[in-house]
Amino acid sequence: TCTGIAQNNDDDNDGFYMRRCVELARKAIGCTSPNPMVGCVIVKDGKIVGQGFHPKAGQPHAEVFALRDAGDLAENATAYVSLEPCNHYGRTPPCTEAMIKAKVKKVVIGMVDPNPIVASKGVDKLRDAGIEVRVGVEEELCKRLNEAYIHQMLTGKPFLTLRYSLSVNGNILNQLGEGVTEAGGYYSQMLQEYDAVIFSPTVDKLSIPASQEPGAKQPLRIITARSPAPLIRIPALTTEETAKVIIFTDKEMTVGDGTAQQGIETVVLDQINLMAILEYCKCQGFCSVLLDLRGNFRDLEELLKEGIEQNLLQKLVMEILPIWDGSDSENSLVAIKSLDKRLKVKNLQPRFSDKNMVLECYL
Ligand code: AOF
Ligand code: ZN
């Protein structure tokens, strides 16, 4: 729900309505790749008369839903949109044309679209049509919303996040904190947000990472298995789960007891490495991938090394559990000897999820 009240000051109002756009955009969290999440509101005489968000690639853009919702009231109104309206024929027609046709008076934009086929052309088109345009309202928030899409657009690679749990004395734990896997917990929310999750299959009775957010679209679960392939037991997927499990392997292998398991696919790669996995994800139209060191993190050591050495990581999410783990000093990232690179991290930000501290930062 939208909190706060619009102020009388014009600029404050712009921020207020833009935050509403972001809130609307997030209704499609995890569902829009390779497209961005976008929200739009149409405001007339200090009232929201139309709102919409982009639900999925192939479906109409946020502006189209909002304009439809506003109907004739869009004339002379102000349109707020978290991303620059597109000016091209993609899967759907240009939003700039829809705005011009609806005769909106002003368009307030969160951020310019990094997509090279849009990149400010939408703004130019609106201005050429005599519409007043303001760009860069709540820009940081809008960029954060689509950090994966932006990265993917600018680099051609999916946005890769590394996640792990730490004890207070700095060991990697193969457990997650209390409450974090439940709806509203940071881990459950992350799984909803990411297009794919790479995790370790060696934990006994492994539970497949699954978001508990109501109606969440599950990420593609990725497992790697080098030959001689270990026997992989994957709990049967429940029927309501749509996302599949994919096993990247370097030779044909048997999954579980050999009986076909629905939703599990094996892909044989010449070389199992992070680059190849990311390439596969890109071809699926994915914007974001989570490397999840849950389970035995040693299984994922090679991928982790490659991620750091090849600068493939964009974000770190660390969960600090209120536990002192004196069991094994090998359980520390320092134990991965070749990770001697010194990296500066940006925007270190703490928050809490249940009893655990969650630290996020960018590389
Ligand atoms: C907008 N509003 O809600 C979204 C935009 O194939 P299409 O037609 O869906 O176009 C996809 C591109 O359009 C996408 O790469 C991005 O540049 C922009 N997405 N633009 O005005 C929206 N989702
Ligand atoms: Zn559009």
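Sorted by class, the residues around ligand 1 come out as nine nonpolar, six polar and three charged. That makes a shell of 18 residues, and the closest ones are His54, His61, Gly90, Arg91 and Asn115.

Keep in mind that this is a predicted model. The predictor puts the complex at an ipTM of 0.98 and a pTM of 0.91. For the protein, mean pLDDT is 87, with 83% of residues at 70 or more.

On to the fold. The protein carries nine helices and 15 strands, and 42% of its 363 residues are buried. Among contacts with a separation of 6 or more, 67% link residues 24 or more positions apart.

Why is β4 largely enclosed by the rest of the structure? Five of its six residues are buried, so the rest of the structure largely encloses it.

| Pair | Partner strand residues | Sense | Bridges |
|---|---|---|---|
| β3 and β4 | 78-83 | parallel | five |
| β4 and β5 | 132-135 | parallel | four |

At the residue level, Ala79 sits opposite Val107 of β4, while Val108 has Arg134 in β5 as its bridge partner.

Definitions and conventions
Residues numbered from 1 in each chain as written. Chains lettered and ligands numbered in written order. Predicted model: local features only at pLDDT ≥ 70, side-chain atom pairs only at ≥ 80, totals over all residues. pLDDT = per-residue confidence, 0-100. Helix = DSSP H or I, 4+ residues; strand = E, 2+ residues; numbered from the N terminus. Buried ≥ 20, exposed ≤ 12 C-beta atoms within 10 Å, placed from the backbone. Contact = placed C-beta atoms within 7 Å. Near = placed C-beta within 6 Å. Nonpolar A, V, L, I, M, F, W, Y, C, P; charged D, E, K, R; others polar. Pairing = 2+ DSSP bridges.
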